[in-house]
Amino acid sequence: MARSDPQINIRVPEELKAQLDSSALRAGRSLTSEIVTRLQETFAREESPAEAAAREAEIRNSPLFRELQEGQRKFDSLTPKEQARVQLEAEVEQVEAELSLLLSDRAYHGQLLNDLNFRLVAAKLDQMTAEEIAKLQGERDEKVAAISIAQREIERKMEMLTRLKHAVLKE
């Protein structure tokens, strides 16, 4: 950029400024160059009206879109009570899926915790430095905290699932 290029002065949140500074440093650019590059990239990603229309036409002609339209027509033909039941059933399915993900995350974190505990014992046996042992203990403590948070989330989802199932059964 030349010194003769126009200038603009803007205010940004402190966190955004820190992100821009960090990104510019990693990319080996000045802050101005980083901002200009990011702005140019956003304009390059924009669709022209013709591209947007073509993409929309492609979506509207897709089998999935037609299937969604048919599903919506069927849903609209239901009574309000039937619609409420379908919505509750969908919410139950969603909560069950989220719960399944949380349970798999919990198992994964449990495996990581076991691995970290094993490494910690091995580290003590191998006479690692105090700094290395402290690092492993810190990692283990973070995983214990993550498992605890996941456990609370699972309990919350289980309660929500139970309430939703009761609501569906009352219908």
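Predicted model: local features only at pLDDT ≥ 70, side-chain atom pairs only at ≥ 80, totals over all residues.

Trainee: How many salt bridges does the structure hold?

Mentor: There are nine salt bridges in the structure. As a general point, side chains of opposite charge can pair when their charged atoms come close.

Trainee: Which residue forms a salt bridge with Asp 21?

Mentor: The partner of Asp 21 is Lys 17, and their closest N and O atoms are 2.8 Å apart.

Trainee: Where do those two sit relative to each other in the helix?

Mentor: Asp 21 and Lys 17 both belong to helix H1, which covers residues 14-27. They are four residues apart there, so about one helical turn separates them.

Trainee: And how accessible is each of them?

Mentor: Asp 21 has 31% relative accessibility and counts as partly exposed. Lys 17 is also partly exposed, with a relative accessible area of 35%.

Trainee: What about Glu 56 and Arg 60?

Mentor: Their side chains meet in a salt bridge, with an N to O distance of 3.1 Å. Glu 56 and Arg 60 lie four residues apart in helix H3 (residues 49-60), so they are separated by about one helical turn. Glu 56 is partly exposed, at a relative accessible area of 41%, and Arg 60 is partly exposed at 45% relative accessibility.

Trainee: Which residues do salt bridges with shared partners join into one network?

Mentor: That network consists of Arg 29, Glu 34 and Arg 38.

Trainee: Which residue does Glu 47 meet in a salt bridge?

Mentor: Glu 47 meets Arg 55, and the N to O distance is 2.7 Å. Glu 47 has a relative accessible area of 38%, which means that the residue counts as partly exposed. Arg 55 is partly exposed as well, with a relative accessible area of 42%.

Trainee: Changing topic: how much space lies in the largest pocket?

Mentor: The largest pocket holds about 570 Å³ of space. In general, rolling a probe the size of a water molecule over the atoms shows where empty space is left.

Trainee: Which residues lie nearest the centre of that pocket?

Mentor: The lining has 17 residues, and those nearest the centre are Pro 6, Gln 7, Ile 8, Thr 32 and Val 36.

Trainee: Which helix gives the most to the lining?

Mentor: Helix H2 gives the most, with five residues. H1 and H2, the latter spanning 31-45, each supply at least two residues of the lining.

Trainee: What is the make-up of the lining by class?

Mentor: The lining of the largest pocket has 11 nonpolar residues, three polar residues and three charged residues.

Trainee: Now the surface. Which residues form the nonpolar patch there?

Mentor: Ile 8, Ile 10, Val 12 and Leu 16 form that patch, and together they have about 380 Å² of accessible area.

Trainee: Where does Leu 16 lie?

Mentor: Leu 16 lies in helix H1, and this residue is partly exposed, with a relative accessible area of 35%.

Key:
Residues numbered from 1 in each chain as written. Heavy atoms only, no water. Salt bridge = Lys/Arg side-chain N within 4 Å of Asp/Glu carboxyl O. Buried < 20%, exposed > 50% of the residue type's maximum accessible area, 1.4 Å probe, protein only. 1 Å grid on protein atoms, 1.4 Å probe; cavity = no way out; pocket = protein on both sides within 12 Å on 5 of 7 lines; lining within 4 Å. Points joined across faces, edges and corners; volume = space filled by probe spheres on them. Nonpolar A, V, L, I, M, F, W, Y, C, P; charged D, E, K, R; others polar. Patch = residues over 30% accessible without salt bridge, like charges linked within 9 Å, V, L, I, M, F, W, Y side chains within 5 Å. Areas by Shrake-Rupley, 256 points an atom, 1.4 Å probe, with all protein chains shown as cover.
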